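Thanks for coming. I will take a few minutes on one annotated site and the pocket around it.

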Amino acid sequence: MGKFQVIDHPLIQHKLTIIRDKDCGTKVFREVVDEIAMLMAYEISRDMPVEDIEIDTPIVRSTQKTLSGKKVAIIPILRAGIGMVDGILQLIPAAKVGHIGMYRDEETLIPHEYFVKLPDDIDSRQLLVVDPMLATGGSAIMAIDSLKKRGASNIKFVCLVAAPEGVKALQDAHPDVDIYVAALDEKLNEDGYIVPGLGDAGDRLFGTK
């Protein structure tokens, strides 16, 4: 079973409270989502492999550590996932970015894929699939299905707020995928929204209804 981690750093908790507030406007919501994503990326990148490199400091020749191994690609699930990309890129600027477009049928709540554009070498990259919400888990499962079908194997899923139902569904469907969340909320309501949640992240990021 992949790792499941709640990254509940005090700064992350504080910033989540800001965006959960229904009176938080689009500008602040967007900025704070980026900030949380960057803070989460710091923790998610903790197990990145390093290797020795020889350099000259101003004082002496020295062996020091540098990042090695797998390169990273960030794969936002459209459209809300876009809101987390810039924050992660601030920490990992060399990462490539792919996109997977999903929409959820409002009647059946079943997700459908409508757009996929990925780097050529996703099979050799550490993929961070990002979406602010993990509700039913349907979109995340389908996005990861799409990636695996195209050769990806090293996948982490990163979201801000998750419902227990979504976490379980994703773990059951993709037990090899590590899941990182900023908060594990109480439940899903009958409309498929996370409670207490923060509403529709896409609408709040982009100022739509």
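Where is G199 found? G199 sits in the loop between β13 (194–195) and α6 (201–206), with helices (H or I, at least four residues) and strands (E, at least two) taken as DSSP runs numbered from the N terminus. D200 lies in the loop between β13 and α6 too.

This is a predicted model, where local features need pLDDT of at least 70 and side-chain atom pairs pLDDT 80 or more, while totals for chains, interfaces and linings use all residues. Residues are numbered from 1 along each chain as its sequence is written, and side-chain values use heavy atoms, without hydrogens and water.

UniProt, in an unreviewed entry, places a "binding site" at I194, G199, D200 and A201; such annotations may be inferred rather than shown by experiment. I194, G199, D200 and A201 are in the lining of the largest pocket. A pocket here is an open set of points on a 1 Å grid over the protein atoms alone, where a 1.4 Å probe fits, with protein on both sides within 12 Å along at least five of seven lines; lining residues have an atom within 4 Å of a point.

The largest pocket is lined by 29 residues, and D200 is among those nearest its centre, with A80, R104, D131 and S139.

Back to D200. Leaving aside neighbours within four places in sequence, D200 is in contact (heavy atoms within 4.5 Å) with R79 and Y193.
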